[in-house]
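Welcome! Please open the model in your viewer, and we will walk through it one selection at a time.

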Amino acid sequence: MKKILFSSTVIIYCLLIAVASNAQTIDVPSDVQRTFDEHFKNASVARWVPIQDSYVATFNQGQGYRDAYFTTEGEFKGVGRYISVDLLPITAQEKINSNYSNYELSQLYQFESVDNGISFFAVLKNAKAELTLKMDAVGDVSFSKRNKIK
């Protein structure tokens, strides 16, 4: 259940990241800040976003922007980043192309979980709907959400 909840948190964050303001001041618990500093030395944080029972830090450590996920108690859960389709494993690309040929890929997010390894979140769109998929490296879908486009 915790894995599903945390996956939902990642999806919510991916979909709502544009809403968060860079000027926003967030009081981050000291345990969360300390764990961040231990994992990501010399990183510059662009923003913190509280989501459900977690905190997400968007930061740069010289390799582009990434997102680090923490529980409110300061436990590090994983790191993610937006990627281009050429960084998605070939088998996953092939499954998207064959199973969702009537959709266009609009966003792709790679998440490396401490507990579950690497997964990918793909947002696919067509004229009628938007799909959000959680996939493993071979393209097997473990979660999907469909929203109608109005």
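Contact here means heavy atoms within 4.5 Å. With that in mind, select Met135: leaving aside residues up to four places away in sequence, Met135 touches Leu88, Ile96, Ser119, Phe120, Ala122, Asp140 and Val141.

A quick note before moving on: this is a predicted model, where local features need pLDDT of at least 70, side-chain atom pairs count only at pLDDT 80 or more, and totals for chains, interfaces and linings use all residues. Residues are numbered from 1 along each chain as its sequence is written, and side-chain values use heavy atoms, with hydrogens and water left out.

Next, select Leu88, Ile96, Tyr100, Tyr103, Leu124 and Met135, the residues with the most contacts inside the largest nonpolar core, which has 14 residues. Such a core is a set of buried Ala, Val, Leu, Ile, Met, Phe, Trp, Tyr and Cys residues joined through side-chain atoms within 4.5 Å; buried means under 20% relative accessible area, exposed over 50%, and partly exposed in between (1.4 Å probe, protein chains only).

Apart from this core lies another, of 13 residues, including Val32, Phe40, Trp48 and Phe59.

Now show Phe36, Phe40, Trp48, Phe59, Phe70 and Phe76, which form one aromatic cluster. Rings of Phe, Tyr and Trp (its six-membered ring) pair if their centres lie within 6.5 Å; planes under 30 degrees apart count as stacked, over 60 as edge-to-face and the rest as tilted. By this rule there are 11 aromatic pairs. One of them joins Phe36 and Trp48, edge-to-face at 5.6 Å centre to centre, with 70 degrees between the planes. Both Phe36 and Trp48 are buried.
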